[in-house]
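Hi there,

Here is the structure I promised to pass on. Have a look at it first, and my notes on what turned up follow below.

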Amino acid sequence: MAVLFRDFIYMDAEMERASRGDILVEGDRIAAIGPGPWELAEEIETVQGKGRTLLIPGLVNGHTHAAMVLLRGLGEELPLKRWLEERIWPVEAGLVPEHIYWGTRGAIMEMVSTGTTCFSDMYFEMDEVAKAATETGVRCCICRGLTGDDPVKVREGVELFRRWNGKGNIRVQLGPHAPYTVSLGALKEIVGSAADLGSGVHFHFLEAEWEEAFIRDRFGLSPLAYLEEAGLLETRGTVLAHCVWFPEGEVPELAGTSVTVAHNPTSNMKLGSGHAPLQSFLETGVPVSLGTDGAASNNRLDIWGEMRLCALIHKGISKDPTAIAARDIFRMATLSGASAACFEKLGLIREGWQADLVMVDLDRPHYIGWDPDNLIGFLVYAGSSSDILGTMAAGRWLFRDGEFPGQDRGEVMGEISRCRDDLLGRALRR
Ligand code: NI
């Protein structure tokens with residue numbers, strides 16, 4: 001399959017300014033950028049941009065728990081620990097594989113319609129997530145959430161890696177849940193297994209304020225020393241979700257390690273967790289991706305919304321309108337997220353790179369006044385995911401003009417609703 005995008009505006013986070021031209025997609029890659037002429041395959045779809053449609057790289061959700069769409073709305077407005085212990089964990093105890101499968105299918109619909117072509121997912125029954133992603137064509141980096149000291153679970157994570165890593169659009173990491181749910185000994189074992197496999201590690205870290213004191217009291221270590229002790233600074237790639245309470249004084253030491261911070265501004269705001277020292281991470285060169293976290297704590301899976309909120313809250317908190325440039329946020333939502341999810345040649349519009357592309361309609365009132373130099377600001381501050389006309393991953397349309405090619409929207413909606421009723425019913429019966 002080949003697609004010719006004719007007369008489009010295009011832009012990625014490393015381009016100084018937006019450009020205008022044609023983009024040829026062949027198979028799963030961007031084959032050429034230019035004006036042509038090119039020798040075109042007979043079987044080609046031509047999409048006319050008329051100089052009023054923008055192509056950006058697919059957005060990457062750097063941290064989520066996709067099937068939590070089934071738990072959306074539960075325990076609204078509770079603090080993190082009570083929210084987990086009273087509302088989330090008791091319901092999650094009743095999750096069965098078909099819940100995960102249909103929950104993930106629903107989450108994928110939500111994500112692709114808001115421009116996300118790749119997501120990093122930590123949950124249970126991850127074969128179901130891999131299946132849902134493979135069937136729909138979206139990319140994902142999965143890890144089984146590991147809690148406690150049970151070696152069986154660690155083995156499951158390792159087997160998941162062997163089964164799925166590198167298969168089509170799937171990558172796998174190991175996923176110890178958090179410092180307060182996994183012992184330091186178990187964490188070291190997991191990191192050791194990751195080193196043997198050559199896999200990355202995905203970990204929740206310092207989401208809530210009490211976690212730093214917990215780490216100091218329990219292990220006698222500062223957050224950075226704890227990461228060092230666990231081996232998390234030297235893996236093939238460590239994703240630390242949240243880092244809201246990462247001590248500013250230790251941030252410079254994170255630069256140059258294997259760590260990417262997954263920043264989840266809406267979830268952090270909604271759970272009242274606080275705000276991460278994002279400016280320090282960016283200024284010291286610590287890579288940062290952007291995530292939604294699960295739909296139970298957001299409650300959207302819309303990275304575009306995260307870009308705008310991220311731009312605004314850090315300016316407001318620091319009382320500095322120059323804090324966090326729109327271009328940096330766009331990089332977090334594309335290239336940085338793609339690298340943290342273990343994908344190569346993903347996140348920029350370049351010849352030979354993966355054809356994960358999002359079509360954005362610039363022919364709308366709130367884009368009047370855009371030019372090649374200011375477009376990135378228009379996108380982050382004025383744009384929204386409702387401007388999206390189409391989403392493609394690896395050269396395949398996942399969303400187009402309000403439809404989901406290859407998916408039965410009614411079936412997915414019905415199954416999500418049925419699974420939610422079943423799941424909540426199980427929790428009530430216990
Ligand atoms: Ni999370």
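A word on terms before the pockets: on a 1 Å grid over the protein atoms alone, a pocket is an open set of points with protein on both sides within 12 Å along at least five of seven lines, while a cavity is a set of points where a 1.4 Å probe fits but cannot get out; lining residues have an atom within 4 Å of a point. Grid points are joined across faces, edges and corners, and a volume is the space filled by probe spheres set on the points. Please keep in mind that this is a predicted model, in which local features need pLDDT of at least 70 and side-chain atom pairs count only at pLDDT 80 or more, though totals for chains, interfaces and linings use all residues. Residues are numbered from 1 along each chain as its sequence is written, and side-chain values use heavy atoms, with hydrogens and water left out.

The largest pocket has a volume of about 370 Å³. Its lining is made of 25 residues, and Leu84, Trp89, Glu92, His177 and His204 lie nearest the centre. Two or more lining residues come from each of α1 (80-92), β7 (116-123) and β8 (139-146); helices (H or I, at least four residues) and strands (E, at least two) are DSSP runs, numbered from the N terminus. Helix α1 gives the largest share, six residues. By class, this lining has twelve nonpolar, eight polar and five charged residues, where Ala, Val, Leu, Ile, Met, Phe, Trp, Tyr, Cys and Pro count as nonpolar, Asp, Glu, Lys and Arg as charged, and the others, Gly among them, as polar.

The second largest pocket holds about 320 Å³ of space. Of its 18 lining residues, Gly198, Gly200, Arg236, Ser339 and Cys342 lie nearest the centre. Strand β9 gives the most to this lining, with three residues. The classes here are five nonpolar, ten polar and three charged.

Cavities

There are three cavities of 30 Å³ or more. The largest cavity has about 50 Å³ of space, and the residues lining it include Trp83, Lys270 and Ser297.

Cores

A nonpolar core is a set of buried Ala, Val, Leu, Ile, Met, Phe, Trp, Tyr and Cys residues joined through side-chain atoms within 4.5 Å. The largest one has 119 residues, and Leu71, Phe205, Phe246 and Phe281 have the most contacts inside it. Helix α2 (residues 97-113) supplies the largest share of this core, eight residues. Not counting residues up to four places away in sequence, Phe205 touches Pro179, Ile215, Tyr226 and Phe246, among others; contact means heavy atoms within 4.5 Å.

A second, separate core of 16 residues includes Tyr10, Ile30, Leu55 and Leu357. Ile30 lies in strand β3 (residues 29-34) and is buried, with a relative accessible area of 1%. Leaving aside neighbours within four places in sequence, the contacts of Ile30 include Ile23, Leu348, Trp353 and Leu357.

Best wishes

Methods:
Buried means under 20% relative accessible area, exposed over 50%, partly exposed in between (1.4 Å probe, protein chains only).
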